[in-house]
Amino acid sequence: MRIFGRHFRTIWRGDDGGVHIIDQTRLPFAFEIAVLNSVEQAAHAIRSMMVRGAPLIGATAAYGIALAMRADATDDSLARAATLLRKTRPTAVNLAWALDQMVAALSPCPPGDRADRAFSRAAEICDADVAQCESIGRHGLAVFEKRFGEKGGKGTLNVLTHCNAGWLACVDWGTALAPIYKAHDAGLPVHVWVDETRPRNQGASLTAYELGAHGVPHTIIADNTGGHLMQRGQVDIAIVGSDRTTSRGDVCNKVGTYLKALAAFDTKVPFYVALPSTTIDWSMSDGAAIPIEERDARELSHIIGRTETGALETVAIYPPESAALNIGFDVTPARLVTGLITERGTCPASRDGLLALFPEHARAAA
Ligand code: MRU
């Protein structure tokens, strides 16, 4: 993606040997690069959400292993690094997937070769993510074009999205936003309703930032507005990302996704989920089994914003004595999902649908 006229990925190895990331806790007000030099710093970046979004969490974990190998390439160090990173965030399955990839690549290597191999395997994981997201964009574009045709090919295609499933959540392109970028670039008149996505506001601060940087028309809405817009015919299609999709097509994504899917079902608005295959948990069939992250209630009770003087400040927004519950994700049952858009194409949200695209997982699929 281009920012200030320059192409950026969300994570890369710098000439200084460190792992460079865009610090997403500073966006949209400040574009700052942070440098990770140890596995502990990589774990902190994931936990504190300097990096977030399922594919990027996986990519950062892969580089975290590489940083651990640079410091100490023993079996013990590899096992400790994998354990530390695995505990950072529980829901996005890309984390476990990337760690398993790294451990499988490094275990057979002599310790002297491990650091180089780890950095190159992490770079391969990033490159593969970019290719998958680009491909999701192409398949999603076909879905958007069909939908635009259904509404007579006139006016604007109004797309609703929740949270941030754009390039900031991945290495480049994004999942749910990739078709939007492809559509905009192809001249399809697309406009995006951006759910604010409380409590951390990934929609308002990250999705809006990305879309603005790319010149895509968009409007931020409070999270509870989508149902009303759907009832009024102002949403043509909804598209979100996923942190974990089960083998039967249940989709776990940022909390609030389920309510949007229910409203879309009731109002007959097509509801799509865009995901790379690294987000599919073939070992799990029922979405109810997915571990759901619960985060610090301070993310609800306090909010960061820019004051009129330009300073970033944190303020409390409700009575300190009130209890708060901060659940990070929810599960949308497959029956509410119109289709899954993957790097291999679009399929029904079902076991048969997924296996038609990924037959090599037939044995593993729960
Ligand atoms: O808590 P976050 O910001 O990591 O949650 C991110 C999401 O819910 C995204 O929709 C999901 O990771 C898909 S990203 C391509």
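**Loops, cis prolines and a helix crossing**

Cys163 is buried, with a relative accessible area of 7%. In this predicted model, Cys163 sits in the loop between β6 (157–161) and α6. Its phi is positive, about 65 degrees, although Cys163 is not a glycine.

Asn201 also has a positive phi, near 60 degrees, and is likewise a residue other than glycine. Asn201 lies in the loop between β7 and α7. Asn201 is buried, at a relative accessible area of 12%.

The loop between β7 (190–195) and α7 (202–214) also holds Pro199. The peptide bond from Arg198 to Pro199 is cis, with omega near 5 degrees. Another cis peptide bond joins Leu27 and Pro28, where omega is about 10 degrees. Pro28 belongs to the loop between β4 (19–22) and β5 (33–36).

Arg198 comes up again in the contacts of Asp223. Asp223 touches His162, Asp195, Glu196, Thr197, Arg198 and Lys260, leaving aside residues up to four places away in sequence. Asp223 is in the loop between β8 (218–221) and α8 (226–231). Which side chain of opposite charge is nearest to Asp223? That is Lys260, 5.1 Å away. A salt bridge needs a distance within 4 Å. Asp223 is buried yet has no salt bridge.

Now the helices. Helix α5 (residues 111–150) packs against helix α6 (residues 178–185) at about 65 degrees, with the axes 7 Å apart. The crossing is right-handed. From α5, the contact includes Cys133, Ile136, Leu141 and Phe144. From α6, Ala178, Pro179 and Ile180 are among the partners. The contact residues of α5 and α6 divide into eight nonpolar, two polar and three charged.

Definitions and conventions:
Residues numbered from 1 in each chain as written. Predicted model: local features only at pLDDT ≥ 70, side-chain atom pairs only at ≥ 80, totals over all residues. Heavy atoms only, no water. Helix = DSSP H or I, 4+ residues; strand = E, 2+ residues; numbered from the N terminus. Buried < 20%, exposed > 50% of the residue type's maximum accessible area, 1.4 Å probe, protein only. Lys, Arg positive; Asp, Glu negative; His and termini not counted. Contact = heavy atoms within 4.5 Å. Axes fitted to C-alpha atoms, helices over the stretch in contact; angles between N-to-C directions. Left-handed = near helix turned anticlockwise from the far one by under 90°. Nonpolar A, V, L, I, M, F, W, Y, C, P; charged D, E, K, R; others polar.
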